[in-house]
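Let's take a friendly walk through a protein model. Have a look at the picture below, then read on.

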Amino acid sequence: MLERLNAAMEYIEEHLDGTVEAAELARVAVTSEYHFRRMFSALAGMPLSEYVRRRRLTVAGAEVLDGRRTLLDIAVRYGYGSGEAFARAFRAVHGVGPGEARRGGATLHAQPRMSFRLVVEGSTGMRYRVVEKEEFTVVGRKARVPLVHEGMNPAIVEFVRSIGKDTLQRLAGLSDQEPAGLLSACVNLDAGRAEGTELDYYHGVVTSAGAPGGMDVLTVPAGAWAVFESSGPLPEAVQYLWRDVFTQWFPSHPYRSRPGPEIMRADLSRDGGHADAELWIPVERAAA
């Protein structure tokens, strides 16, 4: 998998002055576009589109300093329809406009070319299982919230508090299959998983009992799921588990992620500082 990812990175470098489509990168990496975007953002720490933009403007910056092409020629070469659009993008990355940079003395910011390699750690194991589930229903309450990579998500904390203990207890009584108990389900995430982008967050249970009045319903199609277990302090243990699944587990297993909700079930300690958690990720067998 890492060899295929690096072939996709080479493709990006060869097409910085042309078209770089996620679908074509996924073809080079022999995976789905959905999984490629998800893997890239987890490994690189930024969305694919942002990396390509930064690399283009890094190479364009070198050409600006070189001085052999006009600024308009450079703008067109790297996909900008006008000198003004190029100048805005250039300034956003480098902090100065291309004209200022060419006049000399400016400090530019470079986005290094990325490649991926295997780092053997082995200090911690990952407990997982793969299960098949028929279509099921998540019943609960839904909110649109921003994505937060580290630390507590204030919007989620406030939303769950607003549901009320009586409603949560009523929901808990409806749980009748795996994943059991109260859980969260995240859907409709931005492909790049950039900090601050929004997602639909459900807080509820998996049940066949139907939805009480006033509840939101999420119908989940049948398919395979990779289920990971974690135990540790909140929220770090849960967030690190999410990261490790995509940076360690997927590159070494014959599966890829597929569209669908990412589900977390957590049993909290009395003080709320520790959790025994299960993370459910929708998966499918990767191409051979």
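Is His35 buried or exposed? His35 is buried, because its relative accessible area is 2% (buried means under 20% relative accessible area, exposed over 50%, and partly exposed in between, using a 1.4 Å probe and protein chains only). This residue, His35, sits in helix 3, residues 33-44 (helices are DSSP runs of H or I with at least four residues, strands are runs of E with at least two, and both are numbered from the N terminus). Leaving aside residues up to four places away in sequence, His35 touches Met1, Phe250, Tyr255, Arg256 and Ser257 (contact means heavy atoms within 4.5 Å).

**How to read the model**

This is a predicted model, where local features need pLDDT of at least 70 and side-chain atom pairs count only at pLDDT 80 or more, while totals for chains, interfaces and linings use all residues. Residues are numbered from 1 along each chain as its sequence is written, and side-chain values use heavy atoms, leaving out hydrogens and water.

Leu5, Ala8 and Met9 of helix 1 make the contact with Phe36, Met39, Phe40 and Leu43 of helix 3.

**An enclosed strand**

Strand 4 (residues 198-206) has eight of its nine residues buried, so the rest of the structure largely encloses it. Strand 2 (residues 136-146) pairs with strand 4 in the antiparallel sense over nine bridges (two strands pair if DSSP finds at least two bridges between them). Here Lys142 has Tyr202 of strand 4 as its bridge partner. Strand 3 (residues 183-187) is also paired with strand 4 in the antiparallel sense, over five bridges, and Val187 stands opposite Asp200 in strand 4.

**Charged partners**

Side chains of opposite charge can pair when their charged atoms come close. The structure holds 21 salt bridges (a side-chain nitrogen of Lys or Arg within 4 Å of a carboxyl oxygen of Asp or Glu). One of them joins Glu262 and Arg38, at 3.5 Å from N to O. This pair links distant parts of the chain, with Glu262 in strand 8 (residues 262-268) and Arg38 in helix 3, 224 residues apart. Glu262 counts as buried at 3% relative accessibility, and Arg38 is buried at 8%.
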